[in-house]
Amino acid sequence: PFQSVVYNEAHDNFTLYDQLVGNGYFEEEIVRMHALALCTQYIANGIVFIHGGQEFLRSKKGDQNSYASPDSINEFDYDRVEDYLENYKLFKSLNEFRKKYDFARLKNYNDINKSYTHDYLPGTIGINTLGYKVNKAIIDENKIEHDVYILINSGNKFWMAPLPKGDYKLIIDGMRVHDDTVMFYSEGYIEVPEMSLILLVD
């Protein structure tokens, strides 16, 4: 993990927002896709690299190679915080989430390889879907170990994802990181909306 840099955009090339605009996505889709990319970035083991302005969907007006471009292209437009306030709040919440839970900050490959399971139930891996479990990821105040379930849907339709029956705490739900305990009972599946990520603790 100390040799892996996890990023969605950098100072070179398009910002993620501009790339999605250039690919012809609608604004509502861009907001959700940008949030999904950010969530996926923050739950990954490795060094999280954030490009300045990424938290408010920075745009360089479609300029891919802006090193010699004027301030009108390279400036930080902080008014975009209001335009993308939900994304900005998600960014702040994910920073707190990553500080709080150390399963996304494991120190070596062996720990990662031992902890992560990708086949906990059939049907968790598809063309636009991925589900995996982090074993014994969280130890609560009673010294009880809990598994974490992560479900990612990058498609444009909802996904009925397999999830073992039982009670769960919902931590990340689309564009929200829950501070308070939000409970979810699984009958064997959970609906993951299009272009979103769900993270639960058993």
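**Close-up 1. Residue classes in the lining of the largest pocket of this predicted model**. The lining divides into nine nonpolar, four polar and nine charged residues, where Ala, Val, Leu, Ile, Met, Phe, Trp, Tyr, Cys and Pro count as nonpolar, Asp, Glu, Lys and Arg as charged, and the others, Gly among them, as polar. The model is predicted, with local features needing pLDDT of at least 70 and side-chain atom pairs pLDDT 80 or more, while totals for chains, interfaces and linings use all residues. Residues are numbered from 1 along each chain as its sequence is written, and side-chain values use heavy atoms, without hydrogens and water.

Close-up 2. Of its 22 lining residues, Lys100, Tyr101, Ile171, His178 and Asp179 are the closest to the centre. On a 1 Å grid over the protein atoms alone, a pocket is an open set of points where a 1.4 Å probe fits, with protein on both sides within 12 Å along at least five of seven lines, and lining residues have an atom within 4 Å of a point. Strand β8 (176–186) gives the largest share of the lining, six residues; strands here are DSSP runs (E, at least two residues), numbered from the N terminus.

**Close-up 3. Strand β5 and its partners**. On β10, Leu199 is the bridge partner of Ile150.

Definitions and conventions: Helices (H or I, at least four residues) and strands (E, at least two) are DSSP runs, numbered from the N terminus. Two strands pair if DSSP finds at least two bridges between them.
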